[in-house]
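This briefing sets out selected structural features of one protein chain for computational work. Please consult the sequence and the coordinates shown below alongside the points that follow.

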Amino acid sequence: MQTVGRFAPSPSGRMHLGNVLCALLAWLSARHQNGAFLLRIEDLDAMRCPRSYADLIMDDLRWLGLDWDGEVPYQSERSEIYEKYENILREKGLLYPCFCSRAALHAASAPHLSDGRVLYAGTCRGLSPEEITEKRKKRAPATRVRVPDEEISFTDGVFGEYRENLAEECGDFIVRRSDGVFAYQLAVTVDDGLSGVTEVVRGSDLISSTPRQIWLYRLFGFEPPHFIHIPLLCDVDGRRLSKRDEDLDLGLLRERFSPEQVIGALAFAAGLTESAAPVSVHDDPDRPFQPRTFLFAAKAAPGYATAKRIIQLL
């Protein structure tokens with residue numbers, strides 16, 4: 001079976017070094033396996049994700065030499081497809097309206113997990129038809145999916161075995177927001193499933209989302225891909241890089257450095273090469289890159305070099 005990898009950025013700003021690292025590793029993994037590499041634009045919230053940023057992402061990827069196969073789908077144009085899969089969940093009796101406000105969900109009295117995530121308490125799970133009718137008069141509901149008391153496990157390419165009980169550590173989650181926009185968890189599962197994605201390389205901040213996505217894959221009849229969650233590239237104070245904060249974005253880097261310099265510094269920081277010398281992704285795949293070693297480089301340390309250190313390597 002052919003490997004199908006992907007990079008699925010959200011165009012809420014210019015790509016930063018952390019985004020580039022993820023794209024680089026996903027591209028290298030797919031290409032080293034003679035596989036396909038797909039690009040998808042995750043612009044579910046079109047108001048926060050202008051098309052101009054999507055254009056910049058594609059231009060930056062071309063500048064870096066990271067090509068992709070096929071057309072580029074935009075999630076903002078796929079609502080009818082997501083609605084079809086939402087209806088599958090509805091037909092299974094798994095959906096219900098949720099009227100809880102953000103403030104109520106994040107209140108101090110709400111159940112919190114050890115990592116700070118809020119566990120939905122099931123406040124709206126048992127509402128009667130009459131109660132739903134009355135609440136609709138005051139606010140539009142989001143749509144939640146009812147999860148089973150089931151443990152989902154998978155073997156991550158970096159972190160090894162990961163387990164989560166959906167009821168105890170995830171809770172019923174939103175598949176469609178109150179404004180009608182489909183939620184990430186449903187959209188990403190449907191898109192990867194329909195695209196035949198077999199390998200997902202992404203940041204470790206998304207590892208806790210994986211069990212619920214695997215559950216959705218199975219409900220929809222898709223084969224879950226192999227997941228590889230890479231450590232996040234952080235600033236010197238340990239803060240994750242953010243498009244919102246314009247952390248080391250490609251616009252600034254392109255003014256000062258060549259694509260070979262950027263790739264070389266990131267490859268060295270991730271353990272792919274023996275030095276930070278400039279390198280092109282289209283050089284001999286067995287030299288200077290060491291095929292697939294990046295999937296395991298993170299096991300020896302909690303994270304990569306800081307963004308500041310990478311800039312010093314340039």
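Two strands are taken to pair if DSSP finds at least two bridges between them. With that criterion, Val4 stands opposite Ala36 in β2, within a pairing of β1 and strand β2 (residues 36-39) that is parallel and holds four bridges. The model discussed here is predicted. Its protein chain comprises 12 helices and nine strands, and 51% of its 314 residues count as buried.

**Overall organisation**

- Among the contacts in the protein chain with a separation of 6 or more, 76% are between residues 24 or more positions apart.

**Strand β1**

- Strand β1 spans residues 4-7 and is covered on both faces.

**The three-stranded sheet**

- Strands of a sheet pair through backbone hydrogen bonds, in either a parallel or an antiparallel arrangement.
- Three strands form an open sheet in the order β3-β4-β7, and their pairing is antiparallel.
- The edge positions are held by β3 (95-98) and β7 (173-176); each has a single partner strand, so one side of each is left without a neighbour in the sheet.
- On average, neighbouring strands of this sheet are turned by 50° against each other, with direction ignored.
- Four bridges connect β3 with strand β4 (residues 142-145) in the antiparallel sense.
- Leu95 has Val145 in β4 standing opposite.

**Packing of helices α3 and α8**

- A pair of packed helices is described by the angle between their axes and by the distance between the axes.
- The axes of helix α3 (residues 79-91) and helix α8 (residues 210-220) come within 11 Å and cross at roughly 85°.
- Angles of 65 to 115 degrees count as roughly perpendicular, and α3 and α8 are therefore roughly perpendicular to each other.
- The residues that meet are Tyr85, Ile88 and Leu89 in α3 and Leu216, Leu219 and Phe220 in α8.
- Classified by residue type, the contact of α3 with α8 contains six nonpolar, no polar and no charged residues.

- Glu199 is found in strand β8 (residues 199-203).
- The cut-off for a buried residue is under 20% relative accessible area; Glu199 has a value of 4% and is therefore buried.
- The side chain of Glu199 makes a polar contact of 2.5 Å with the side chain of Ser29.
- A polar contact of 3.3 Å joins the Glu199 side chain to that of Gln33.

- Tyr53 belongs to helix α2 (residues 51-64) and is partly exposed, with a relative accessible area of 30%.
- Apart from its neighbours within four places in sequence, Tyr53 is in contact with Pro11, Ser12, Gly13 and Arg14.
- Tyr53 and Gly13 are 40 residues apart along the chain, while their C-alpha atoms are separated by 5.9 Å.

Key:
Residues are numbered from 1 along each chain as its sequence is written. This is a predicted model: local features need pLDDT of at least 70, side-chain atom pairs count only at pLDDT 80 or more; totals for chains, interfaces and linings use all residues. Side-chain values use heavy atoms; hydrogens and water are left out. Helices (H or I, at least four residues) and strands (E, at least two) are DSSP runs, numbered from the N terminus. Axes are lines fitted to C-alpha atoms, for helices over the stretch in contact, and angles run from 0 to 180 degrees between N-to-C directions. Buried means under 20% relative accessible area, exposed over 50%, partly exposed in between (1.4 Å probe, protein chains only). A polar contact is a pair of N or O atoms within 3.5 Å; within protein, one must be able to donate a hydrogen and the other to accept it, and residues adjacent in sequence count only if both atoms are side-chain atoms. Angles under 35 degrees count as roughly parallel, over 145 as roughly antiparallel, 65 to 115 as roughly perpendicular and the rest as oblique. Contact means heavy atoms within 4.5 Å. Ala, Val, Leu, Ile, Met, Phe, Trp, Tyr, Cys and Pro count as nonpolar, Asp, Glu, Lys and Arg as charged, and the others, Gly among them, as polar.
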